[in-house]
Amino acid sequence: MAAPIRNVGVIGAGAWGTALANAAARAGRTVFLWARNPGLVNEMRTSRRNEAHLPGVTLAATVHPTIDLAEAAACQAVLLVVPAQASRDAATLLATHLRRDTPVVTCAKGIERGTHLFMTQVIEDACPQAIPAVLSGPSFAADVAAGLPTAVTLAASDAALAESLASALGSASFRLYHSDDVRGVEIGGAAKNVLAIAAGIVAGRNLGASAGAALVARGFAELARLGRAFGARPETLTGLSGLGDLILTASTAQSRNFALGLALGRGEPAPARLAEGASTAAVLVELATQHHVEMPIAAAVDSIIAGRWDIDQAIGALLARPQKAEG
């Protein structure tokens, strides 16, 4: 039986990394929160705040900010909390310090451009001594950091490891369901970001609640088709990391992806905040095409972001699609 997980390294001190550090501390773990910026680390050590990324939140007493990557990598489990397109570089750095068979949990939701690899595959490729896992689900950093009730999914190919990690990170306010359907969890997280941009565009154009509901329903059908092509289980796709996360991110401007779509729909400048869906749209459509999966909403988002279509063209193309049975 594996030893209980007592300490956790968190790689990346953005909003989500900081929130997860607090969540792990709330679960009784000692946490080493790594950032590459010495100024940020000093600020977090002295003020116990990360105002640049998660204002108003105080770091738990057992969260130890560090600039020493080896210190975070020496923990019994590591959370990799950097943007999807930066995950390879972070995993490559981590590989120089990580002990063999250390669980590394990706907390990014995306697909690597160029390689078409999901985040656990990026970890396998760049950090081969790690055991990859993924955490995903309907969660905003501010809610998790504040200890508001949140439920997510943690998946690893080894079901026992997934259960152990979920137990180590879970608390009264942060509930983790465990799974061994890694790809299903990753597809939900990647696809919902792109679909949330579409939902934001619908809201920004004032197309109405009926159109918004139709967009979410048909968007989920696309997500589910891609999931089935990769052998994802239905309960994963309709669970927290699939439908649950889509409902959250397609309904409020607190979601960076929805906020980007909202700005596009209104003809306003894009928000400065990173929206993972903007980087994922093209590769998601490429992946769907390779697997002969129709994802017209995702394709429309990709065409808008790439400048091939304006929003009116995208709406017209979607509404002009041939009539068909629902499915």
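Helices here are DSSP runs of H or I with at least four residues, strands are runs of E with at least two, and both are numbered from the N terminus. With that in hand, select Ser241, which sits in helix α11 (residues 240–249).

This is a predicted model, in which local features need pLDDT of at least 70 and side-chain atom pairs count only at pLDDT 80 or more, while totals for chains, interfaces and linings use all residues. Residues are numbered from 1 along each chain as its sequence is written, and side-chain values use heavy atoms, with hydrogens and water left out.

**Stop 1: Ser241**

Is Ser241 buried or exposed? Its relative accessibility is 1%, so Ser241 counts as buried; the term means under 20% relative accessible area, with exposed meaning over 50% and partly exposed in between (1.4 Å probe, protein chains only). Now show what surrounds Ser241. Contact means heavy atoms within 4.5 Å. Setting aside neighbours within four places in sequence, Ser241 is in contact with Ser136, Gly137, Thr153, Val185, Gly188, Gly189 and Thr236.

**Stop 2: the whole chain**

Zoom out to take in 15 helices and 10 strands. The radius of gyration is 19 Å, close to the 20 Å that the globule rule gives for 327 residues, so the chain is as compact as a globular protein of that length. (The radius is taken over C-alpha atoms, and the rule is 2.2 Å times the number of residues to the power 0.38.) Turn the model along its principal axes, and the C-alpha trace spans about 55 × 40 × 35 Å.

Of the 327 residues, 54% count as buried. Among contacts with a separation of 6 or more, 69% are between residues 24 or more positions apart.

**Stop 3: two nonpolar cores**

Next, colour the nonpolar cores: sets of buried Ala, Val, Leu, Ile, Met, Phe, Trp, Tyr and Cys residues joined through side-chain atoms within 4.5 Å. The largest has 43 residues, and those with the most contacts inside it are Trp16, Leu79, Leu135 and Leu154. Helix α1 (residues 15–26) gives the most to this core, with 8 residues. A second, separate core has 41 residues, including Ile111, Phe118, Ala250 and Met295.

**Stop 4: Leu154**

Centre the view on Leu154, in strand β9 (residues 150–156). Leu154 has a relative accessible area of 0% and is buried. Beyond the residues up to four places away in sequence, Leu154 touches Val105, Ala133, Val134, Leu135, Ala162, Leu165, Ala166, Leu169, Leu176, Tyr177, His178 and Ser179. Pick His178 from that group: 24 residues separate it from Leu154 along the chain, yet their C-alpha atoms are 4.9 Å apart.

**Stop 5: two loops with positive phi**

Most residues other than glycine have a negative phi. Select Asp101, in the loop between α4 (87–95) and β7 (102–106); its phi is positive, about 65°, although Asp101 is not a glycine. Then go to Asn206, in the loop between α8 (182–204) and α9 (209–229). Asn206 is not a glycine either, and has a positive phi of about 55°. With a relative accessible area of 69%, Asn206 is exposed.

**Stop 6: Ile197 and Asn257**

Move back into helix α8 and select Ile197. Ile197 is buried, at a relative accessible area of 0%. Which residues does Ile197 touch, not counting those up to four places away in sequence? They are Asn257, Leu260, Gly261, Leu264, Gly277, Ala278, Val301 and Ile305.

Follow that list to Asn257, in helix α12. Asn257 is buried too, with a relative accessible area of 5%. Its contacts, leaving aside neighbours within four places in sequence, are Asn193, Ala196, Ile197, Ala275, Glu276, Gly277 and Ala278. Draw a distance from Asn257 to Ala196: they are 61 residues apart along the chain, with C-alpha atoms separated by 5.6 Å.

**Stop 7: helix α14**

Finish at helix α14 (residues 296–306), where 8 of the 11 residues are buried, so this helix is largely enclosed by the rest of the structure. Highlight the buried ones: Pro296, Ile297, Ala298, Ala300, Val301, Asp302, Ser303 and Ile304. What covers these residues includes α8, α9, α12 (256–266), α13 (276–290) and α15 (311–319). After α14 comes Gly307, with a positive phi near 80°.
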